[in-house]
Amino acid sequence: MAIPAPNPTLVENLVYANRILYDQGIVDGLGHVSVRHDAQPDVFLLSGNRAPGLVRCSDIVCYDYDGNAVTETTQRPYLERFIHGEIYRARPDVVAIVHSHSQSVLPFAVTRQPLRPVFHMAGFLGRGSAHFEIRDAGGNTDMLIRSSYLGQALAKSLGRCDCVLMRGHGSTVVGTSLEQAVYRAIYAEVNAKLQLQAMGLGDVHYLNDEEAQLSSDTNAGQIPRSWNLWVQRLGCIDIR
């Protein structure tokens, strides 16, 4: 079956998402971000195997849920494209996914301490963060989600949460838009840093469920403001 070409603006925004996440220190040479195809819901867009800060429009490839390229490419794929395919398969509400190894989040992943919202910008963490233990699914591994089987196990651990912490590895966040997923990846890191600082001072008064939901709902309408700033901060770059 022929796959329709994705909207060129969506492709450009995925490139910007890669560059923003690098600029904000969420990814370095590793990590990746994807978005669901705008006209083919069972297909997603993801870069070929490149550092996020170097991704261009020509690097974007379309994949099916099984991680197979469905558009012509000579590029080597990311080993962990199964993170994306299996979460999209399990969560029809998810439009974009970010996987990263941001440093302040990692202590929570290795201690099973949940990320909880300490301020309104992280209201999306109101349901806490899920935890994924790869040993339960695959025994001793290199920690990478390099198969559909492990991707399915990760998606099951994520459940209905917006963030899953991966012991010894990093985290994955989801969103209902590309801009929202990028926002959540950035503010999961910010919240983790603040939560670590607050926990060292004493009892932490987290946002309650209603406060978190109200904050998340308000922030959803403000994300374009941040996105436009992040894009402008990149300056004049060649994304082609």
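Two strands are taken as paired here if DSSP finds at least two bridges between them. I keep that in view for the sheet entries below. The model I am reading is a predicted one.

**Entry 1: the sheet**

I looked up the strand order. The sheet is open, has seven strands and runs β3-β2-β1-β4-β7-β6-β5, with mixed pairing. Its edge strands are β3 and β5, each of which pairs on one side only. On average, neighbouring strands are turned by 25 degrees against each other, with direction ignored.

Phe-132 has Met-166 of β6 as its bridge partner.

How many residues of β3 are buried? I find that five of its five residues are, so this strand, residues 60–64, is mostly covered under the 20% cut-off for burial. Strand side chains come next. In a regular strand they alternate between the two faces of the sheet. In β3, Ile-60, Cys-62 and Asp-64 point one way, Val-61 and Tyr-63 point the other way, and all are buried.

On its paired side, β3 meets β2 (residues 43–47) in the antiparallel sense over five bridges. Within that pairing, Leu-46 has Val-61 of β3 as its bridge partner.

**Entry 2: strand β4**

Five of the five residues are buried, so β4 is largely enclosed by the rest of the structure. Both of its faces are covered: Ala-96, Val-98 and Ser-100 lie on one side, Ile-97 and His-99 on the other.

Which strands does β4 run antiparallel to? I note β1, joined to β4 by four bridges, and β7, joined to β4 by five. On the β7 side, His-99 stands opposite Thr-172.

I turned to α2 and α5. Helix α2 packs on the sheet and touches β1, β2, β3, β4, β6 and β7. The direction of α2 makes about 30 degrees with that of β1. Helix α5 lies across β5, β6 and β7 and runs at about 155 degrees to β5.

Why do I call α2 largely enclosed by the rest of the structure? Eight of its 10 residues are buried, so the description holds. The buried residues are Arg-81, Phe-82, Ile-83, His-84, Gly-85, Glu-86, Ile-87 and Tyr-88.

**Entry 3: α2 against α5**

I looked up how these two helices meet. Helix α2 covers residues 81–90 and α5 covers residues 148–158; their axes come within 8 Å and cross at roughly 50 degrees. The two helices are therefore oblique to each other. The crossing of α2 past α5 is right-handed.

From α2, the contact takes in Phe-82, Ile-83, Glu-86, Ile-87 and Ala-90. From α5, Ser-148, Gly-151, Gln-152, Leu-154, Ala-155 and Leu-158 take part. By class, the residues of this contact divide into seven nonpolar, three polar and one charged. Phe-82, Ile-83, Glu-86 and Ile-87 also stand among the buried residues of α2.

**Entry 4: α1 against α6**

Helix α1 (residues 8–23) and helix α6 (residues 178–199) pack at an angle of about 5 degrees, with their axes 10 Å apart. That angle makes α1 roughly parallel to α6, the limit for that class being under 35 degrees. On the α1 side the contact uses Asn-13, Leu-14, Ala-17, Ile-20 and Leu-21. On the α6 side I note Leu-178, Glu-179, Val-182, Ala-185 and Ile-186. The residues of this contact divide into eight nonpolar, one polar and one charged.

**Entry 5: positive phi**

I went through two loop residues. Arg-112 is not a glycine, yet its phi is positive, near 60 degrees. Arg-112 sits in the loop between α3 (106–111) and β5 (130–132). Met-143 has a positive phi of about 80 degrees and is not a glycine either. Met-143 is in the loop between α4 (134–138) and α5.

Is Arg-112 buried or exposed? Its relative accessibility is 53%, so Arg-112 counts as exposed. Met-143, at 18%, counts as buried.

Notes: Residues numbered from 1 in each chain as written. Predicted model: local features only at pLDDT ≥ 70, side-chain atom pairs only at ≥ 80, totals over all residues. Heavy atoms only, no water. Buried < 20%, exposed > 50% of the residue type's maximum accessible area, 1.4 Å probe, protein only. Axes fitted to C-alpha atoms, helices over the stretch in contact; angles between N-to-C directions. Parallel < 35°, antiparallel > 145°, perpendicular 65-115°, else oblique. Left-handed = near helix turned anticlockwise from the far one by under 90°. Contact = heavy atoms within 4.5 Å. Nonpolar A, V, L, I, M, F, W, Y, C, P; charged D, E, K, R; others polar.
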